[in-house]
Amino acid sequence: MVRVTDGLPAEALREVEYDGEEEWMQNLRSKATELRLREEYDDSMKTYSQIISFCEDSISQKNPDGEDIKKLRKALCLAYSNRAEAGAKMSRYFEALADCDEALRIDGSHVKTLVCKGKILLSLNRYKLALECFKSAQGSSESADEEVDQLLGKCKKLEFLSRTGGFDVSDWVLSGFNGKPPEFSEFIGAVEIRKSEISGRGLFATKNIECGTLVLVTKAVAVDRVIMPQDSDEKSQLVLWKNFVDRVEKSAEKCRKLKALISNLSTGENEQITEVPDIQTFKPETDVSGVDLEKQKLVNILDANAMVENGESAKVLGKNSDYRSVGLWILPSFINHSCTPNVRRVHIGDYVLVHASRDLKAGEELTFAYFDVLSLLGKRREMSKNWGFNCNCKRCEFEEKIWKNEELREIERLMTMEGKGFGDLGNLIYRFEEEMKKMMVRGKSKGFLRASVWGVYEDVLTSEKMIGKWGRKIPAAETVVESVAEVVGSDERILRVLTARLRTKNGIDEVEKAGSLISSEYSFTLSKDRLQRKCVLSIALYSRRGLAHAKNF
């Protein structure tokens, strides 16, 4: 049998073979591109892998000085770059970075690869390295590239925020949460991890921190949200939990550092905590070697550390407030409970912002309220048992002794019965305050007791009728609010007392006074000339009435 190529000179034969190879590779490239455009990234990566293998084999067999080597190396560079792009779409970031590095070994000024690598590093919150990539891409491009300029600007902004924590969400809040939420970067303030006297390990302030200061911003490893009625059955909640566990597991499998960070968390069992990780480990630019993480250990870790977005010490801003959710935020998982919490959290999108709800001293441990601390000791004891621990904070120890007083216990009994139609709440508050005077309860101790029966104070201080009858005999709303906020920070119920006051006393002085009283609630970095706006913002965060007031301010 005579072939078409029989009798051709060797050089002509090589040209025929090369043309056939190039056509075959061009078909593969077209197939890979089509798969990538159809978002079939896994199959796309496999096809690019075929191109890479072919190019590498061909290069190893050819004359290194040959003209066709240049074409093969160019094709190889592009294949690595495209495979990196497809890998990034599947969140296989470390594989994608390795492909980018291979492409850049071939052509260090390959703009497409530099942009791809910069985007991946940006997704991993490695802002400085991403910045270098975008600058190199900008310098290598012969013409102005609008996308590179935008990425460069975004990267500079996020790198600045990651260093300073200078986030400002006021415009978005005052607009009624319209439009896109602000962009956030990972931020770790003046905190470190130490062994805790409360439980296991905790987060501690490394310097004095003023009330309202942002101490931590971090994105969820994974979060699952559903619209679910409050009375949903156990089966619906189990589905939410299973989906969440699957999301975390998939995220951990794609990132060795993430898996290692998760494995640092407590399983909630009586484990001997020997390792205290360095806070630097949790910064995006720090690399961590991989570890094994068994499924059961992962489930135990999530059971002990997962948070609901709309839990105690938290506020959800924006559209996510309509959902039931559960998520994992790694560093906040180190924050222990106290009935005198000193930090609170705000959830915006997948990010959580943790800030001081009162002044913190250097060396003081950061604490959340895991449950409602504006409640009586007995109720708090019950809730802490549901969480699997006994709270022994200073407030609980104090109240353990003080509630043994017979008169206080009688007043407490009447307060809890009042909801069933017994007693005059204003009279009970008056008796309660008088008994504290007799027992010489002062300072924070007075705030502890007022916080325990806050519901009664709220009913009295927001009732014009009660204030009219008892206003001269009981403390002013500001006095009560200040004393309670000093020991537990502030929350929506405390704010309601202040907004009720604003309805009866108009004027910016009253707004500023309210803003200063609740500065422990949610204070964001604002310039001094926006102080009045900050006061109104604090009110807007919690009340539709306040939001309307803020919009007209």
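This is a predicted model: local features need pLDDT of at least 70, side-chain atom pairs count only at pLDDT 80 or more; totals for chains, interfaces and linings use all residues.
How many disulfides does a search of the whole structure find? The search finds zero.

Let me take two cysteines in turn. The closest cysteine sulfur to that of Cys 155 belongs to Cys 133, and at 8.9 Å it is too far for a bond. Cys 155 itself is buried, at a relative accessible area of 0%. Cys 396 presents another case: its nearest cysteine sulfur, in Cys 339, lies 3.6 Å away, and Cys 396 is in no disulfide. The reason is the cut-off, because a disulfide requires two cysteine sulfur atoms within 2.5 Å. Cys 396 is also buried, with 2% relative accessibility.

I turn now to strand β10, which spans residues 351-356. Six of its six residues are buried. In a regular strand, side chains alternate between the two faces of the sheet. In β10 both faces are covered: Tyr 351, Leu 353 and His 355 are buried on one side, and Val 352, Val 354 and Ala 356 on the other.

Which strands pair with β10? Strand β4, residues 214-219, pairs with β10 in the antiparallel sense over five bridges. Strand β9, residues 343-348, also pairs with β10 in the antiparallel sense, over six bridges. Two residues separate β9 from β10 in a hairpin, and Gly 349 in the turn has a positive phi of about 60°.

Next, the aromatic residues. Trp 241 is partly exposed at 25% relative accessible area, whereas Phe 244 is buried at 0%.

A further pair, Phe 371 and Phe 389, is stacked, at 6.4 Å centre to centre and 25° between the planes. Phe 371 lies in the loop between β11 and α12, and Phe 389 in the loop between α12 and α13, so this pair ties together parts 18 residues apart in sequence. Phe 371 is buried at 4%, while Phe 389 is partly exposed at 23%. Ring pairs also link these two residues with Tyr 370 and Trp 387 in a cluster.

Finally, two arginines lie over ring faces. Arg 256 lies over Phe 94, 4.7 Å from the ring centre, and Arg 345 lies over Phe 368, at 5.4 Å.

How values were computed. Residues are numbered from 1 along each chain as its sequence is written. Side-chain values use heavy atoms; hydrogens and water are left out. Buried means under 20% relative accessible area, exposed over 50%, partly exposed in between (1.4 Å probe, protein chains only). Helices (H or I, at least four residues) and strands (E, at least two) are DSSP runs, numbered from the N terminus. Two strands pair if DSSP finds at least two bridges between them. Rings of Phe, Tyr and Trp (its six-membered ring) pair if their centres lie within 6.5 Å; planes under 30 degrees apart count as stacked, over 60 as edge-to-face and the rest as tilted. A charge sits over a ring if NZ of Lys or CZ of Arg is within 6 Å of the ring centre and within 35 degrees of the ring normal.
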